[in-house]
Amino acid sequence: MIEDNDLLLKQFFQDAAQQQIEDNGFSERVMQHLPERSLLAAHRKLLTRLWTLCCVVVFAILFVLIDGWDLLTVQFEVMLRTMAVQTVSVNILMVATVLFGLLFVGVGEVISSETART
């Protein structure tokens with residue numbers, strides 16, 4: 001039953017794709033007025049790079065403001081000293097800062113990959 005429906009849909013869309021709609025040259029005129037694709041791609045690439053740079057700068061500023069390096073060294077020392085005896089203690093502020101930074105960079109990369117497809 002599903003295969004019959006698939007065949008009917010394919011046939012319908014194949015027939016519809018072969019139809020020509022007369023537009024008196026409208027499509028061609030529109031295509032001539034569109035900007036070059038390479039300029040759009042370069043603009044999108046620049047915007048994604050700027051977004052990534054801004055995210056890294058915001059992450060670095062937050063890292064410095066909360067003394068991230070000191071927090072990391074303390075956490076690492078605590079982890080090494082208590083690894084055999086108990087569970088690792090986690091600083092919620094540090095985890096939140098790292099996740100915040102990864103979120104911004106991740107959003108930038110998703111935007112970059114989506115704009116690269118077009």
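This is a predicted model: local features need pLDDT of at least 70, side-chain atom pairs count only at pLDDT 80 or more; totals for chains, interfaces and linings use all residues.

Biologist: Why is Val-57 called partly exposed?

Modeller: Its relative accessibility is 40%. Buried means under 20% and exposed means over 50%, so a value of 40% places Val-57 in between, as partly exposed. Val-57 lies in helix H3, which covers residues 37-65.

Biologist: Of which surface patch is Val-57 a member?

Modeller: Val-57 belongs to a nonpolar patch together with Leu-46, Leu-47, Leu-50, Leu-53, Ile-61 and Leu-65. Together these residues have about 660 Å² of accessible area.

Biologist: Let us turn to the aromatic rings. How many aromatic pairs does a search of the whole structure find?

Modeller: The search finds three aromatic pairs. In one of them, Phe-59 and Phe-63 have ring centres 6.2 Å apart and planes at 35°.

Biologist: What makes the pair of Phe-59 and Phe-63 tilted?

Modeller: Rings pair if their centres lie within 6.5 Å, and 6.2 Å meets that limit, so Phe-59 and Phe-63 form a pair. Planes under 30 degrees apart would count as stacked and over 60 as edge-to-face; at 35° the pair is therefore tilted. Phe-59 and Phe-63 are four residues apart in helix H3, which means that about one helical turn separates them.

Biologist: Why is the pair of Phe-100 and Phe-104 called edge-to-face?

Modeller: The planes of Phe-100 and Phe-104 stand at 75°, and the ring centres are 4.6 Å apart. Since the cut-off for edge-to-face is over 60 degrees, the pair is edge-to-face. Both residues lie in helix H5 (residues 92-117), four residues apart. Ring pairs also link Phe-100 and Phe-104 with Trp-51 into a cluster.

Biologist: How many disulfides does a search of the whole structure find?

Modeller: The search finds zero disulfides.

Biologist: How do you know that Cys-54 is in no disulfide?

Modeller: The nearest cysteine sulfur, that of Cys-55, is 6.9 Å away.

Technical notes
Residues are numbered from 1 along each chain as its sequence is written. Side-chain values use heavy atoms; hydrogens and water are left out. Patches are made of residues with over 30% relative accessible area and no salt bridge: like charges are joined within 9 Å, nonpolar side chains (Val, Leu, Ile, Met, Phe, Trp, Tyr) within 5 Å. Accessible areas come from the Shrake-Rupley method with a 1.4 Å probe; for residues, only the protein chains shown count as cover. A salt bridge is a side-chain nitrogen of Lys or Arg within 4 Å of a carboxyl oxygen of Asp or Glu. Helices (H or I, at least four residues) and strands (E, at least two) are DSSP runs, numbered from the N terminus. Buried means under 20% relative accessible area, exposed over 50%, partly exposed in between (1.4 Å probe, protein chains only). Rings of Phe, Tyr and Trp (its six-membered ring) pair if their centres lie within 6.5 Å; planes under 30 degrees apart count as stacked, over 60 as edge-to-face and the rest as tilted. A disulfide is a pair of cysteine sulfur atoms within 2.5 Å.
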